Amino acid sequence: MSNQALQDLIAKTQATLDTIAAQYAPAVFASSLAAEDMVLTDLILRGKLQDKIGIFTLETGRLHKETLGMLDRIRETYDYDVTPYRPQPEAIEAYVKNHGLNAFYDSVELRKECCRIRKMEPLNRALAGKASWITGQRRAQSVTRAELHVQERDESHGAHGMEKFNPLADWSEQDVWDYIRANDVPYNPLHDQGYPSIGCEPCTRAIQPGEDIRAGRWWWENPDSKECGLHVVDGKLVRIKAHAPA
Ligand code: SF4
């Protein structure tokens, strides 16, 4: 992409964020602290939109130390504290007691249950009372995101549904890295170690050059089940019983 094309893409994304702040607040951005999320973090905070768009992360209790370290990097760079949402301790206790700490390897059902406890329930708390939410998802990231739109209706959250925005839907991986390098945006050092997609430590591995970018997530499962119940299937935002957030 030419420099002008990237500038146009950035301007379009800034306009989307301005619209969210003006018309769909209070809004929240669900950051997984990965590269895409750092682009949006930079645009939100440098655009001084944080009073209208809060930033949170799902602190599952199973993140890499490098990912947790991004909370400090964001504080140092932007003087902003990302809000961590954590799972309910009693739910974790019951899961571990009944199934074992790493039972998500044993079956898809137990993986989904772990994602429900550690991600989906905290996400529901983070979205409560908000008019809209934002993700850093891109259309090119996986087959389950092929129909991703910049703006969608999410009927599975909020009392009567809510607007969901994916401002980077049209961005390529190259666009993300061009933005990060041009603007000196801090990023998770795991990206330099072969991790294009970063989630919980036990469910994420590095990939080889040429592998699909989500091959490092839940690699023991089928590719079309690698989501978590919060995103898009067949062009519609649905709660997928089978699936948890990146
Ligand atoms: S990604 Fe793995 S450890 Fe994290 S919530 Fe899902 S199953 Fe549990």
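Reply: **Around the ligand**

The shell around the ligand holds seven nonpolar, two polar and four charged residues. Here Ala, Val, Leu, Ile, Met, Phe, Trp, Tyr, Cys and Pro count as nonpolar; Asp, Glu, Lys and Arg count as charged; the others, Gly among them, count as polar. This is a predicted model: local features need pLDDT of at least 70, side-chain atom pairs count only at pLDDT 80 or more, and totals for chains, interfaces and linings use all residues. Residues are numbered from 1 along each chain as its sequence is written.

In total, 13 residues surround the ligand. A residue is near a molecule if its C-beta atom, placed from the backbone, lies within 6 Å of it. The closest are Cys 114, Cys 115, Arg 118, Cys 200 and Cys 203.

Now look at the cysteines. An unreviewed UniProt entry lists Cys 114, Cys 115, Cys 200 and Cys 203 under "binding site". Such annotations may be inferred rather than shown by experiment; their positions are given in the numbering used here, and feature names are shortened. These four span 90 residues in sequence, yet no two of their C-alpha atoms are more than 11.1 Å apart, so they gather at one spot.

Cys 114 sits in helix α5, residues 108-127. Helices are DSSP runs (H or I, at least four residues) and strands are too (E, at least two), numbered from the N terminus. Helix α5 packs with helix α4, residues 89-99, at an angle of about 160°, and their axes are 10 Å apart. Axes are lines fitted to C-alpha atoms, for helices over the stretch in contact; angles run from 0 to 180 degrees between N-to-C directions.

The two helices, α4 and α5, are therefore roughly antiparallel. The cut-offs are: under 35 degrees roughly parallel, over 145 roughly antiparallel, 65 to 115 roughly perpendicular, and the rest oblique. The crossing of α4 and α5 is left-handed. That term means the near helix is turned anticlockwise from the far one by less than a right angle; clockwise would be right-handed.

Which residues make the contact of α4 and α5? From α4 come Ala 91, Ile 92, Tyr 95 and His 99. From α5 come Leu 110, Glu 113, Cys 114 and Ile 117. Two residues are in contact if their C-beta atoms, placed from the backbone, lie within 7 Å. The contact of α4 with α5 has six nonpolar residues, one polar and one charged.
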